[in-house]
Amino acid sequence: MAFLKVNHLKVYYPVRGGFFRRIVDYVKAVDDISFELRQGETYGLVGESGCGKTTTGRTIIGLIKATAGEIVLEGTDLTKLSRRQFYPYRKDIQMIFQDPYSSLNPRKRVLDIVAEPIRNFEKLSPQEEKRKVQYFIERVGLNPESIYKYPHEFSGGQRQRIGIARALTLNPKLIIADEPVSALDVSVQAQVLNFMKEIQEEFQLTYLFISHDLGIIRHMCDRIGIMYRGRFVEEGTCEEIFRNPQHIYTKRLLSAIPNADPRQRRQQFHLREEVEREYKQSYHRYFDDDGRVYPLKKISETHSVAIP
Amino acid sequence: MLKFILRRIMMMIPQLFILSVLVFLLAKAMPGDALTGQLASNPKIDAQTLEEMKEKLGLNDPVHVQYARWMKNLLQGDLGISYIHKQPVNDLLAGRMWNTILLSAAILILTYMIAIPLGIVSGRWTDSWADKLIVGYSYVSFATPLFIFALIMLFIFGFKLGWFPTGGSVDIQVEKGTFAYYLSKLNHLLLPALSGALINTVGTIQYLRSEIIDTKVKDFVKTARAKGVPESSIYWRHILRNSFLPIAAFLGYEITGLIGGSIFLESIFSYPGIGQLFLQSILQRDYSVVTALVMISGLATLIGTLLSDIILSAVDPRIRIE
Amino acid sequence: MTGKPILEIDHLRVSFRIQDQYYAAVDDVSLTVNEDEVVAIVGESGCGKSALALAVMGLHPPQKTKLEGSIIFKGTNLLSLSTSQLNKIRGKDIGMIFQDPLTALNPLMTIGRQIEESMDYHMKLSSMEKRQRTLELLKRVGIPNPEKTYHRYPHELSGGMRQRVVIAIAIACEPSLIIADEPTTALDVTIQAQIMGLLKELQQQMKTGIILITHDLGVVAEMADRVAVMYAGEIVELADVETLFHHPLHPYTRSLLHSIPSAQTRKEKLHVIQGIVPSLQKMPRTGCRFQSRISWIDESKHEPNPILREVEPGHWVRCTCYQHFYFPHDHIGDVGYGIS
Ligand SMILES: Nc1ncnc2c1ncn2[C@@H]1O[C@H](COP(=O)(O)OP(=O)(O)OP(=O)(O)O)[C@@H](O)[C@H]1O
Ligand SMILES: Nc1ncnc2c1ncn2[C@@H]1O[C@H](COP(=O)(O)OP(=O)(O)OP(=O)(O)O)[C@@H](O)[C@H]1O
Ligand SMILES: [Mg+2]
Ligand SMILES: [Mg+2]
């Protein structure tokens, strides 16, 4: 059985205008998506910026109300729960936020920031709490002494690791990682990714992993969903997506991955141009008249593509 | 937006209802009633007459019937009759209400006139001597209770120096409506307003100061500097606008505070407003006046918070009013 | 070679005051950026890249920061200018793209106003022209629907869209030097490619020099002409991009290139550099700063006072330890400190 099942999820943001700020329009940030996560797997969510990845994540942890659809966690539909009923699930689902700085309260010390979820859900003595915080701070590669500092005293990457440490303290079952390492240099990035894998095995964690970096997605994920304008264009195993991409948007995405070999600049450039040409030519085969993505269609047991 | 305001006003109704029940019950539970006061001033009334009067006033009816009657009158704008002043509460309040509104508005304006420049100076040039002076001032005024400060002001500027009148809201000699009349009103207003404002500014100064200190290290301020925006515009356009948000949010509570403050100020400066009346009425057990005043201040508080929300939503696009 | 130098950073030291003591976050860095050239700066997070960029822009708070050395931009030392003199240069001749797009925009101003603001001070345009230009800029950075976006507020845009707005602000007045601090971390690869293309285009059309700070070595490989590798406030290696990727010398550079996830690393542990960077206060100020991270290399292989040395024309390396460096076999994936 699926651990988390998202069924026909829609999230629309109202757009307001005029003096009285009336709703004049809606942004269809997430427009009918369905996918499922199995216990212990890493599911990658990739897509152009603004396609609704963060919105999807925030809706799953209950920060945004779903406009329609279901989010079923181990048999319970979270969208139907009241705030109070949702509370126990908050512990099970944690999010590592995209934005390292504004999600950290500038007036609080790292100790208090990281301990906040512990204080909400567990009762620990100050010593135990401090030990636990230091343990996680150290595991994300920060100096354990730094728990008495404030967020502004850290570099961008260091701040992100504080956010990761905070998400881990409650031993959640599902972690939604929204660009968890995009602010980190490759070595620290490697360290955090190794660490995420390590604890995944240890605690049977499930990850919803949102990233722009397809190198990281390929390294981390078992299955991948590609999003475009609030909808899925393709879904499949890591192999299928990287070896056998079907949708033109997926191809375009893969061709845009920067190549870490300066000698291949030219080839890469030509490849990109070619895909771009194909994209323009075959646009109408992949998108309907309103520019919308078609519904997903299964082409194998695990691989689905949005084609008419 | 309009819908929001209407909904908020609808939401006030149950809040005011609960307040009214509480106030009414409390007034009833107090020892003595409207007649006790009269009895004290006129001990010759015999038991028979007293009982008749009680019956006439409905004081023998069950509590809920009394409440319903009081509520009905209240909704029709009739606040009852003061048994001390022997006149309708409406008439009693009419003049005083304006005085209090005038005093509160004057305090509010003076508060912001003092607090905003000081807060800005203090926040912009942190740790300068000006900042230290301002922080010092706010510590002192934080530690000084309002009524003591008001008494000192009254003593120095009213009695010793004689710069300001020491009581009332206007000279009796001047004719209503003339220029001299308004001038005299202003003259009577100034000392109590200034006393209130000088104490009241502390919160706002400290708030603004810490808000500016927080905002000026924000990333978007760096972005603005990187555009080559001159320092003065950085402050006006970027830092201050963002720092004023919490001040605007605070306005509602500020108004609540003013109502409390007016009790002291008006009593000390013998300024005929509703604060002074409130204190007198409590002392004299004039409950119809007390209940009316509590209801009015409750309403003012609710309107104040609504006002805050409206201002906030007008200046902060992130706040959605639904 | 590329054109004449537009920015010459010479022995720059940026120190932060922490409890009445100054600690250098950027230590004795010299770097030249030529016209029409992209110089990438890579390095561990916290190594002082942003501190360097902010120093060039004059954005460090003077009460808390000490700047030493010189930063010569087109013949003037930026460090000797007053704020109002600096304001004539920043935004106009030097544009900066900030690291964190989510906080880099004023939450109370519309997108359109924020872009126009820099034109207010550096260009003589009517408000119609400004608007027109802003819409063009928005289109240029790949924002669909510029007219709508013009009137929207930052919180209504996704991270990637905000980043593009920040880029539009930086290039609004066509500066001759762009400092891009992680310009594409929040962007998906297709838009990243588009932004890279845009920066390249600017560079070619207007001979713009670009300082590109990034963690993404793929972006460096595609964009940069030269690369400076920083570690703990110092430049440890400086070379042209091909040499750096195909013939890296310094142990830090080599470890970094080793950590990139690739198709081959799937399901494996990634290479991690042992240990952690000491905090500013604890940083050893003598000897090779990388020494503690490669403890298996004998101490005697390090220089007592390592300097940046030109080992081949245009290829600079700090310390002699690179001659003796090797990867230990059991080292892959070791986080490096005791975990129970
Ligand atoms: N509070 C909001 N009000 C209105 N529109 C919003 C709001 N938040 C997001 N949006 C819009 O919803 C869409 C999806 O945004 P979201 O943040 O989920 O994108 P994303 O996939 O995470 O992008 P990125 O990779 O750039 O972070 C965007 O078009 C954005 O402009
Ligand atoms: N205002 C400050 N006060 C004290 N220390 C600071 C301050 N700003 C930065 N630092 C410290 O200076 C060092 C360099 O920081 P900087 O922001 O330049 O790093 P960075 O190389 O840009 O890192 P990242 O890649 O994570 O953004 C870090 O150790 C950081 O903790
Ligand atoms: Mg996002
Ligand atoms: Mg940085």
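Colleague: How many salt bridges does the rule find across the interface of chain C and chain A?

Modeller: The model is predicted, and side-chain atom pairs count only at pLDDT 80 or more. With that in mind, the rule finds four salt bridges across the interface of chain C and chain A. One of them joins the side chains of Arg263(A) and Glu242(C), with an N to O distance of 2.9 Å.

Colleague: Which elements of chain C give two or more residues to the side that touches chain A?

Modeller: They are α6 (159-171), α7 (189-206), α8 (217-223), α9 (241-246) and α10 (251-258) of chain C. The largest share, seven residues, comes from α8(C). By residue class, the side of chain C that touches chain A divides into 26 nonpolar, 19 polar and 15 charged residues.

Colleague: How many residues of each chain are in contact, and what area do chain C and chain A bury between them?

Modeller: The contact involves 60 residues of chain C and 62 residues of chain A. Together the two chains bury about 4,800 Å², of which 53% is on carbon and sulfur atoms. Between them there are also 13 residue pairs in polar contact, both residues being at pLDDT 80 or more.

Colleague: Let us take a single residue at this interface. Is Thr190(C) buried or exposed?

Modeller: The general idea is to compare the relative accessible area with a cut-off: buried means under 20%. Thr190(C) has a relative accessible area of 12%, and therefore counts as buried. Thr190(C) lies in helix α7 of chain C. Leaving out residues up to four places away in sequence, Thr190(C) touches Tyr249(A), Arg252(A), Leu253(A) and Ala256(A). Its side chain also makes a polar contact, at 2.3 Å, with the side chain of Asp188(C).

Colleague: What does Leu138(C) touch, beyond its neighbours within four places in sequence?

Modeller: Leu138(C) is in contact with Ile111(C), Ile115(C), Ile143(C), Pro146(C), Tyr150(C) and Val165(C). Leu138(C) belongs to helix α4 (residues 127-140) of chain C, and because its relative accessibility is 0%, it counts as buried.

Colleague: Which residues of helix α11 of chain B are buried?

Modeller: In helix α11 (residues 274-283) of chain B, the buried residues are Ile274(B), Gly275(B), Gln276(B), Leu277(B), Phe278(B) and Ser281(B). What covers them includes α5 (89-124), α10 (231-268) and α12 (287-315) of chain B. Following α11(B) is Arg285(B), whose phi is positive, near 60°.

Colleague: What does UniProt list for residues 97-308 of chain B?

Modeller: An unreviewed UniProt entry gives "domain: ABC transmembrane type-1" for these residues of chain B. In the model, the span 97-308 of chain B is 82% helix and 0% strand, and its end C-alpha atoms lie 22 Å apart.

Notes. Residues are numbered from 1 along each chain as its sequence is written. Chains are lettered from A and ligands numbered from 1 in the order in which they are written. This is a predicted model: local features need pLDDT of at least 70, side-chain atom pairs count only at pLDDT 80 or more; totals for chains, interfaces and linings use all residues. Side-chain values use heavy atoms; hydrogens and water are left out. Buried means under 20% relative accessible area, exposed over 50%, partly exposed in between (1.4 Å probe, protein chains only). Helices (H or I, at least four residues) and strands (E, at least two) are DSSP runs, numbered from the N terminus. Contact means heavy atoms within 4.5 Å. Buried area is the accessible area (1.4 Å probe) that two parts lose on being put together, summed over both. A polar contact is a pair of N or O atoms within 3.5 Å; within protein, one must be able to donate a hydrogen and the other to accept it, and residues adjacent in sequence count only if both atoms are side-chain atoms. Ala, Val, Leu, Ile, Met, Phe, Trp, Tyr, Cys and Pro count as nonpolar, Asp, Glu, Lys and Arg as charged, and the others, Gly among them, as polar. UniProt positions are given in the numbering used here, feature names are shortened, and annotations may be inferred rather than shown by experiment.
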